[in-house]
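Q: I would like a careful look at one part of this model, with the cut-offs spelled out as you go. Please start from the overall layout and then move to the details.

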Amino acid sequence: MRLHRILLLAVVVGVPPAVRAAEPPSPAKLADVIDARLSAEWKKANTTPAKVVDDATFLRRASLDLIGRVPTVAETREFLADTSADKRAKLVNRLIDSGGHTRHMATFWRRTMVPQADTIEFARLADDFESWVAVRVQDNVPYDRMVKELLTLPTTTNPPRGTVSPVSFFAASENKPENLAANATRSFLGVNLDCAQCHDHPFARWTRDQFWQTAAFFAPPQKNKDGKTVPPELPIPNTKRTMGAELLTGDAVKWPSTIAPNTGRQLLASWITGKENPYFARNAVNRMWAQVYGTALVEPLDDLSGETGNKGYHAELLKELADAFVASGYDMKYITRAMVQTKAYQLSTVAPEGATTDPRLFAKMPVRGLTGEQLYDSLRTAAGLPPERDDTGRGLGLEARKRFAAQFHVERTVTAERSIVQALSMMNGRLTTDLTDPAKNPTLAGAADAPFLDTRGKVETLFMGVLGRKPTAKEATAIIKYVDDGGTENDSHRALGDVFWALVNSTEFNSNH
Amino acid sequence: MSSFSPSRRDWLRLSAVGAVGASQSGWMQTLAADVAKNPKRHKSVILLWLAGGPATIDMWDLKPGHANGGTFKEIETAANGVKISEHFPKIAKQMKDVAIVRSMGTKEGDHQRATLVGLTGYTPVGAIQFPAIGSLITHELGDQDADLPGFVSIGGREGSIGGGFLGPRFSPLVIGGGIRGNGDGPAGTGADLKVPDLQRPAGVSETNQTKRLDLLAGLEKDFEAGRGSPVGDTLKSATDRAVRMMRPEAAAAFRLEDEKAALRDSYGRSTFGQGCLLARRLVERGVAFVEVSLGGWDTHNNNFSTVERLSGTLDQGFSALMTDLKERGLLDDTLIVCHGEFGRTPKINGNAGRDHWPATWSAVLAGGGIKGGQAVGKTTADGMSVDGEPTRTPDLIATIVKAVGIDPTKQNMSNVSRPIRIADPSAKLIKELL
């Protein structure tokens, strides 16, 4: 009987659910639901939302959010020239189906699930994990299946050479049950158990016992006196007590009669990814929302079991979106499509006079920083260099990208900060210096050498390449004069390099707005 | 504190931005003529970080006559009854300003983890990004309007431990070399103690740079309108501060060649010695926290010849630093701390080496805010265990913080939205030092 359960589990892992509870609304319909809910909040707060942004701003924002880089000059010109009414919806769908989206989301999910790989100690783990996620994003594997595959990975045998595996998730936690428990509940449930590891926190809902009960799922099975394999128990450090595996919701755990090394993890994974789990779908949706809107629907990201998670501002909307996510078969691209087709996603970062600026209302877009990866890819795109490779293979170029991304690492874009060292690197560093040289910057070379462009045309080309827009009349006047005068070196090519330098050092280029 | 508290978080962010806002008065704001005479004096900390795990049993807590004792002799110091290794003759003369904590006893025996604990005072837990002690102190004491950053790390320890949840604003400016080199080889002459990318790129004249900044200022002004945001503020402020640091007056802090040759010699012409001199120049200009790293202490083999050599480098740099600070009237306001991530096995291994040993080791403090001329705590005759209650890293961190006038129980909001104290709540002050 119990053996059957295990077999059944194994089958479920490999097959999408045959029957879906209810057909989810189309992404556009779901976007309407989001807009309706947000408008209701604006009304209650007696505030007006920001204006809808122009096409160039929308293209840049959607490109950064969905494929992790600014658009190329060609992409900008093409989008601006398109006169169809549904061009924004068409754009986001095209971006979501592109290779750039795969790579961008692989980094996003890796950062969510294996944040340790952003430290020097575990940096080596990032590539393999991102490659593993990339394949799943590309095939649009249901999110629940991806998480289950990760959690139930047999770690006793090495994966065959040449295959990608999510084993980094375990390595980043040093294979310790307590680290894995904290990491898994935070990444997959939005529940923070970290503080309960050492003591019962006076304000927290989770007890120290519950922490170690969760950790016990990750411990290897033990042998009893008779040599029989039995479910594991973990000692609580510095106490005489041991804890068996129990679920946070208190549901019963049914151990099969035959216990394999990963049986505990299979039991936990079934509960985590189960439709009844109160956190799993909400956590994924909340994090995906924060990825495109900066602020999550429910903050903080890792406290869904808290008061704001259940009764806060947008707790109900989060629940609705999570239900749609489940009904869609945990389709990650479906949820993303809905989120970026709303009117709310198109709002300006400039709040109307007198309007509230409470970020929880989503009545305007926040100005966000760029991740190191976004900044690197955007600098290359601005210079007219190949923005990205569709695969996540290795090479020298990727090493440079990784070094740069680590130097410009930000935790969350909405609270990003820049250090002096980073600013010095942007102003005087190797990459920027190279990019002010037409020989290494096709955008600059194209502008400088184009016989058919006057100075205005050259300056416009640089603006389009770096900022994705034309200069304003005021900007154009000052900069055209500077270039016509030959800058400070009596050399109009170098003066154009100066313009490129100023553009890539601007707040406008270094932020998502 | 378990629920989201936007007011608190916003307040923390606003206060950070507000402090910066005051400095937003233009790219090329003129500067008070002499930065060295900064009237805003606050206390500073210089951490001499001995990377690799120094054999403190051969430095500060010798065991002469015991089989674990090794080959070094003890010498008397200026402090009555406090004896240290014969290879610290210069420090011995200044022992009245120096205190040794001989009761350090910790748990981590792995370099990386122990370094993390040693520099943050916290054992790594989950996703919490604990800031370095230097970041915490800079957060409290640093002057956001200063031309120089508040936290500088010299000698290039790996930069992974920085501002943590306080943000990159509080991460160290990392200067010079790698700690993999021993710091006193022929290459390590201090010539590499330069700020990365502080110089204009080759071929860009000062006029050219000014013009570029003018172009940038024009772009910024137009973009700013109606869009005040914390992210925009931090981007502009970082560029602004980087430009200020490029100014000749500020960049001069790093010009060791401005010091007299005799003084430079007194520190020792090693990267570490010259790093100590740079630390003095920075503290003098109001920098709150300076780390100077001296690597090479991982003495699994030939412990004694290595420790003797490194002790010479340390003795010269450390003592010259104390003398120099004292002569300038800065020692009372500057706390010097010297330790590594753990100690080494009292038992000597078959390669005349000592292995990792966190259970007993010593830390040394000197100068401002602490009572010198004493040894606090002791180890057993064989050096194997602390005789009495061990002193742990959080205790040391809390004491350092307290000595420069900061409340170690003060809380900062962390990246997991939990308030975290400057020192671990379990920390007990080392009362004898304060």
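How far apart do the C-alpha centres of domain 2 of chain A and domain 3 of chain A lie, and what surrounds A:V504?

A: This is a predicted model, in which local features need pLDDT of at least 70 and side-chain atom pairs count only at pLDDT 80 or more, while totals for chains, interfaces and linings use all residues. Residues are numbered from 1 along each chain as its sequence is written, chains are lettered from A and ligands numbered from 1 in written order, and side-chain values use heavy atoms, without hydrogens or water.

The C-alpha centres of domain 2 and domain 3 of chain A are 43 Å apart. Chain A is divided into domain 1 (2-52 + 292-359), domain 2 (113-273) and domain 3 (369-512), with bounds that come from an automatic or database domain assignment.

A:V504 belongs to helix α24 of chain A, residues 492-504, where helices (H or I, at least four residues) and strands (E, at least two) are DSSP runs numbered from the N terminus. With a relative accessibility of 1%, A:V504 counts as buried, a label for values under 20%, against exposed over 50% and partly exposed in between (1.4 Å probe, protein chains only). Once neighbours within four places in sequence are set aside, A:V504 is in contact with A:L379, A:M426, A:T432, A:V466, A:F509 and A:N510, contact being heavy atoms within 4.5 Å. The C-alpha atom of A:P442, 62 residues away along the chain, is 15 Å from that of A:V504.
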